[in-house]
Amino acid sequence: MAIPGVGPPVCERGELLVDGGVLMNLPVEPMKTFCEGRLIAVSVSPAVDLAVDPAYELYPSALEILRSRFRRRRPGLQVPTILSILARTGTLGREAGERDVRRKADLYLEPDLSAVDLLEFSALERAEQIGYRYAVEQLEKLDGWRAT
């Protein structure tokens, strides 16, 4: 994973490579080319975009955010970090391609991963478990599919 602005690019044979999700977040078409059989596409993109309190007219300054972290009576300001904003911009193209992906995939799954932040890499096992349970549940509902 090499999200532009979040992680460094990968160097390979003299080229700089960035995360492919920037251009194609869910590569169903290439998978149909390389693999035989049924194709299951799983979207792990957030259902809800980044958001801030609707009362904000301007994004809080760094000083306001820092001050809010040290207040004892109220919780800190709940605003997306610059890293989460950059990471999200890398997946903005997904909406346009998602309709095409749904049509080309034999099965399209969207597990609810709202409990896992996009950059919460330490939660990978938790995300895997959520996705696995969701996939088994969906496969059991379908005739002709068997979850193993």
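Which residues form a nonpolar patch on the surface? In this model, they are Ile40, Val42 and Val44, with about 240 Å² of accessible area together. Patch residues here have over 30% relative accessible area and no salt bridge, with like charges joined within 9 Å and nonpolar side chains (Val, Leu, Ile, Met, Phe, Trp, Tyr) within 5 Å. A salt bridge is a side-chain nitrogen of Lys or Arg within 4 Å of a carboxyl oxygen of Asp or Glu. Areas come from the Shrake-Rupley method with a 1.4 Å probe, and for residues only the protein chains shown count as cover.

The model is predicted: local features need pLDDT of at least 70 and side-chain atom pairs pLDDT 80 or more, while totals for chains, interfaces and linings use all residues. Residues are numbered from 1 along each chain as its sequence is written, and side-chain values use heavy atoms, without hydrogens and water.

Back to Val44. Val44 sits in the loop between strand S3 (40-42) and helix H2 (62-70). Helices (H or I, at least four residues) and strands (E, at least two) are DSSP runs, numbered from the N terminus. Val44 counts as exposed because its relative accessibility is 55%; the cut-offs are under 20% for buried, over 50% for exposed, and partly exposed in between (1.4 Å probe, protein chains only).

The largest nonpolar core has six residues: Val28, Leu39, Ala41, Val101, Ala105 and Tyr108. Such a core is a set of buried Ala, Val, Leu, Ile, Met, Phe, Trp, Tyr and Cys residues joined through side-chain atoms within 4.5 Å. A second, separate core of five residues includes Leu113, Val116, Ala127 and Ile130.
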